Amino acid sequence: MNDSKTVGVLEKNADNIYQLILRQKEHLCLAQCPAFEEVIDTQLFGLSKQLDFAVQIGKIDDDKSHEILNHLEKALNEVYQENYEIIKKEKLNETTKTTD
């Protein structure tokens, strides 16, 4: 397997995880779907091991490995941030209703 094919396979695996994150982002049901964290953690762990192996055997460089993981972590953080803002807004609305 040549280096470009290796990167292509790893990027496809990363894209599958990214699509999962985006689907979750559309539904914003993190609090209602605790299994999401477990699935994402497992997927990210598996990908990180694949990336580590590819780096160790010289198929990709460390910078590319970090770039792939950082992209996914950023997307995941955006989902959590959006969910946090929604929950915060809902709690504020509840507090406002009870004080009226």
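Helices (H or I, at least four residues) and strands (E, at least two) are DSSP runs, numbered from the N terminus. The model is predicted, local features need pLDDT of at least 70, side-chain atom pairs count only at pLDDT 80 or more, and totals for chains, interfaces and linings use all residues. Residues are numbered from 1 along each chain as its sequence is written, and side-chain values use heavy atoms, without hydrogens and water.

**Exercise 1.** State which pattern the protein follows along the sequence.

Solution. Count the elements: three helices and zero strands. Read along the sequence, they give α-α-α.

**Exercise 2.** Find the salt bridges of Lys64 and place their residues.

Solution. A salt bridge is a side-chain nitrogen of Lys or Arg within 4 Å of a carboxyl oxygen of Asp or Glu. Step one: Lys64 pairs with Glu11, with the closest N and O atoms 2.7 Å apart. Lys64 lies in helix 3 and Glu11 in helix 1, so this pair ties together parts 53 residues apart in sequence. Step two: Lys64 also meets Glu67, at 3.3 Å from N to O. Because Lys64 and Glu67 are three residues apart in helix 3, about one helical turn separates them. Step three: join the pairs, and Glu11, Lys64 and Glu67 form a network.
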